[in-house]
Amino acid sequence: MATALKNLSDYTSDHFIDISDKRFGLVVAEWNREITDTLAQGAYETLLKHGAKEENIYRNTVPGSFELTLGAQLLAQHEEIDAVICLGVVIKGETKHDDYICHAVAQGITNVGLKFNKPVIFGLVTTNTLEQAWDRAGGKHGNKGVEGAVAAIHMLGF
Ligand SMILES: Nc1c(NC[C@H](O)[C@H](O)[C@H](O)CO)[nH]c(=O)[nH]c1=O
Ligand SMILES: CC(=O)[C@@H](O)COP(=O)(O)O
């Protein structure tokens, strides 16, 4: 599988711009909280590592990943927010509920970014098992929160 050959946190920062004056919104889903907190910590630490100021990183929580879209919009609508990083974990259940959530969030987050013309990053871990989710939250496949922060910084330099 493609991901098996790629660590999500393996990146180069050669092209990064100065983000010391950029303001970032983190929207974090409460569902699977232990894992989403790990994603959020990865994103937070990566932003600080590359020059963001603590006071310019605004973390907000939403009940579940389905609410990430509205959470992103409520942050992105503010002119002073330069980028939004959405973090959630959807693990397949017995029904197709996970499919509906993931598709809605992917399209919704895309639309928010296009509406407000700023990076709104899709940091959703969508797995079949809990183990696969942990593998992408600091495990063998890196941390999707780190990936989300890197994507936000990259797009701010577009
Ligand atoms: N099953 C998961 C959910 N479900 C909750 C939804 O995201 C939403 O909050 C609810 O349908 C009310 O609108 N959320 C996750 O983030 N992860 C899951 O695995
Ligand atoms: C993945 C989810 O949406 C969670 O609510 C479990 O769903 P299911 O009712 O399909 O087991």
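Y44 sits in helix α1 (residues 33-49); helices (H or I, at least four residues) and strands (E, at least two) are DSSP runs, numbered from the N terminus. Keep in mind that this is a predicted model, where local features need pLDDT of at least 70, side-chain atom pairs count only at pLDDT 80 or more, and totals for chains, interfaces and linings use all residues. Residues are numbered from 1 along each chain as its sequence is written, chains are lettered from A and ligands numbered from 1 in the order written, and side-chain values use heavy atoms, with hydrogens and water left out.

**Y44 and its partner**
- With a relative accessible area of 24%, Y44 is partly exposed (buried means under 20%, exposed over 50%, partly exposed in between, using a 1.4 Å probe and protein chains only).
- Skipping residues up to four places away in sequence, Y44 touches E54 and I57 (contact means heavy atoms within 4.5 Å).
- Y44 and E54 are ten residues apart in sequence, and their C-alpha atoms are 8.5 Å apart.

**The recorded binding site**
- An unreviewed UniProt entry puts a "binding site" at W31, S65, F66, E67, V89, V90, I91 and F122; positions follow the numbering used here, feature names are shortened, and annotations may be inferred rather than shown by experiment.
- S65 lies in the loop between β2 (57-62) and α2 (68-76), and S65 counts as buried because its relative accessibility is 4%.
- V90 belongs to strand β3 (residues 83-91), and V90 is buried too, at 8%.
- Beyond four places in sequence, V90 touches several residues, including S65, I101 and L124.

**Ligand 2**
- Around ligand 2 you'll find W31, I91, G93, E94, T95, H97, D98 and I101 (each has a heavy atom within 4 Å of the ligand).
- One oxygen atom of ligand 2 is 2.4 Å from a side-chain N or O atom of T95.
- A backbone N or O atom of E94 is 2.8 Å from an oxygen atom of ligand 2, and a polar side-chain atom of H97 is 2.6 Å from an oxygen atom of ligand 2.
- On its own, ligand 2 has 320 Å² of accessible area, and the protein covers 72% of that (Shrake-Rupley method, 1.4 Å probe; for residues, only the protein chains shown count as cover).

Terms used: A polar contact is a pair of N or O atoms within 3.5 Å; within protein, one must be able to donate a hydrogen and the other to accept it, and residues adjacent in sequence count only if both atoms are side-chain atoms.
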